[in-house]
Each structure stands twice: as structure tokens, then as C-alpha cells.
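Here is a friendly tour of one protein model. Have a look at the fold and then read on.

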Amino acid sequence: MAEVVGGEIVNCDSLQIYRHFNIGAAKLPEAEWRGIPHHLIDAIDPAETFTAGDYARMARARLGEIAARQRVPIVAGGTGFYLRALLEGLFAGPPRNDSLRAILMRRESRHAGFLHRVLRRLDPAAAARIHLNDINKLTRAVEVCLLEGRPISRLFDERRSEALTGFTPVKIGLAPDRTTLNRRLDARCQAMFDHGLVAEVQHILALGYRADIKPFAALGYRQALQYVRGGIALADAVAAAQTATRQYAKRQMTWFRRDPEIHWLAGFGGDAGILPQALAKFRSVSGEDKEG
């Protein structure tokens with residue numbers, strides 16, 4: 001699509017933004033970029049703290065630079081929270097309270113599900129939108145509720161930062177057949193391990209990075225790290241990564257299905273007919289001439 005419309009890719013995948021994390025992030029090798037600029041890939045050191053707000057600021061700067069070159073920015077990736085921050089702005093909540101977060105995390109480690117139960121009491125609407133296993137989001141939601149004394153869902157509407165201006169977003173989503181998707185996800189997880197994921201984890205650790213840095217919590221890396229540390233057999237690591245990836249894909253679809261502005265295409269990006277449909281949608285919204 002970028003080749004046809006004169007576009008440049010802006011990454012919206014929360015793992016591809018980190019350096020050194022390549023195989024499990026499914027990064028496209030630069031040799032396969034076809035000369036198309038790709039932005040926000042390998043942009044952050046793995047040990048750095050990086051938030052959705054940081055992403056929004058960096059991505060908005062790239063969008064401005066691309067537009068100034070009379071090119072079309074194409075934001076690609078499945079991290080819904082990053083995309084929301086980029087397009088709609090972000091909730092301006094209280095700063096992190098490390099002592100409170102430490103208490104919450106200790107309670108959660110002793111009693112699994114503690115954070116979700118607390119959030120259900122404090123803010124049922126927020127609890128309904130956050131998965132039971134998403135500890136980072138649950139911790140932040142409970143933290144904000146306790147510090148502010150009000151539900152985070154109400155504060156979010158009051159304190160959202162400014163939305164992106166100067167662009168007309170054209171949102172395109174891929175909705176392939178679920179059974180086929182699951183087969184591809186399983187095959188991709190197996191291929192990651194077959195093609196050096198474990199060795200990559202060992203290399204990153206050898207570079208001096210701690211096992212508790214954020215990218216190691218990502219799917220595939222989490223299970224490979226367990227294997228490297230002797231806590232799980234290799235076959236079990238692969239199976240666990242496959243199961244978790246299928247579950248995550250389902251949650252991603254649930255997230256994006258809530259957005260009425262997304263134009264859904266029934267298939268994978270490389271399927272016959274998908275590109276013409278995507279281009280037609282882009283042109284219908286952008287007003288670009290069909291021969292452009």
C-alpha cells in the first residue's frame with residue numbers, strides 16, 4: 001500500500017520499538033523494506049521506561065515530518081492503547097506512586113486476581129474493559145482510583161489530552177477466518193523458536209539486560225525466558241506461547257471491534273483482493289484520484 005500511495009510506515013507495535021528484540025517481535029528485516037522508510041522500529045533501549053504517552057509524542061512528530069515531505073503516513077501494528085493515545089490523546093492522571101504500587105503488586109502476588117477484584121469495587125466500568133491478567137493496566141487503574149478518590153473511567157473523560165489534528169485517519173482492520181488465523185499463529189510461534197528465539201533471549205541477557213525488563217514480558221519472550229532459566233521444558237514453552245498468543249489475538253479483536261470507524265477486510269494482508277479494497281477505502285476518504 002505504501003508503494004502505491006507514496007507512504008512511509010510508522011510502527012504501532014509496542015515490542016518492535018525496542019532494540020535487540022527481533023525474532024519474537026516479528027520485525028521485517030530492513031532488506032525487505034523495498035526502500036520504504038520505516039519509523040519507530042529499534043527506537044528505544046529495552047531497559048528504558050516507555051509509555052503510551054511517549055509513543056504518542058514520538059509518533060505525532062514522525063507524522064508531521066512525513067506529511068511535510070508530501071508523503072502518506074501509514075501507521076501499522078496492533079497495540080490498541082498506543083493507537084488510541086496517538087489519535088485521541090491520553091488521560092492525564094496522577095504521577096506514579098511507587099510505594100503504593102509495590103503494596104498492590106505484593107497483594108497481587110499473594111492472592112491472584114486481587115487487583116481485578118479491587119477495581120471491580122472501585123470502578124466496575126474500568127474493570128469490565130481490562131483483562132484479569134493485564135497486571136500493568138490493573139495496577140495503574142487501581143492506583144489512579146485510590147489516589148484520586150474517583151473512578152478512573154470518569155477521570156479519563158474529563159482529562160483526556162488533545163486529539164491528533166491535521167490528519168484524516170483512515171482505519172483499516174484485517175479480520176481473517178479465526179480457524180485459519182489460529183493455525184498461522186501456532187505456526188509462527190513454532191517458527192520463532194525454530195529460528196533462534198531462545199538464542200536471542202540468551203544474547204540479550206548476555207548484553208547485561210535484566211530478566212525483569214518490560215520486553216521480556218511479551219508473548220514468546222516470556223516463555224523462552226522461562227525455558228532459559230530452567231523453569232519449563234522447550235515443548236511446553238512453545239505450547240504456552242501458542243496458547244497465550246491465540247488468547248491475545250482474541251482480546252485484540254475484541255478491543256478493535258469497539259471502534260465503529262474501522263473498515264474491516266475479511267482476510268490477511270497478503271490475500272488476493274485485500275490491497276485493492278484497502279486502497280479503495282483510502283481513496284474514498286482521502287479524496288485521492290483513482291489514478292493517483
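## About the model

This is a predicted model, in which local features need pLDDT of at least 70 and side-chain atom pairs count only at pLDDT 80 or more, while totals for chains, interfaces and linings use all residues. Residues are numbered from 1 along each chain as its sequence is written, and side-chain values use heavy atoms, with hydrogens and water left out.

## Overall fold

The protein has 13 helices and 5 strands; these are DSSP runs numbered from the N terminus, with helices being H or I of at least four residues and strands E of at least two. The C-alpha trace spans about 60 × 50 × 35 Å along its principal axes.

Of the 292 residues, 39% are buried (buried means under 20% relative accessible area, exposed over 50%, partly exposed in between, with a 1.4 Å probe and protein chains only). Among contacts (heavy atoms within 4.5 Å) with a separation of 6 or more, 72% join residues 24 or more positions apart.

## Helix α10 and its neighbours

Helix α10 (residues 197–206) and helix α11 (residues 221–228) have axes that come within 9 Å and cross at roughly 75 degrees. That makes the two helices roughly perpendicular (65 to 115 degrees; under 35 is roughly parallel, over 145 roughly antiparallel and the rest oblique). Axes here are lines fitted to C-alpha atoms, for helices over the stretch in contact, and angles run from 0 to 180 degrees between N-to-C directions. On the α10 side, L197, V198, E200, V201, Q202 and L205 take part, meeting Y221, A224, L225, Y227 and V228 of α11.

Which residues of α10 are buried? They are L197, V198, E200, V201 and I204. Seen down the helix axis, they fall within an arc of 160 degrees, so they line one face of α10; the arc is that of the directions from the helix axis to the C-beta atoms. Their cover includes α9 (178–194), α11 and α12 (234–257). After α10 comes G208, with a positive phi near 105 degrees.

## Two loop residues with positive phi

Most residues other than glycine have a negative phi. R34, not a glycine, has a positive phi of about 60 degrees. R34 lies in the loop between β1 (7–11) and β2 (38–39) and is exposed, at 64% relative accessible area.

D42 also has a positive phi, near 55 degrees. D42 sits in the loop between β2 and α2 (52–68) and is partly exposed, at 34% relative accessibility.
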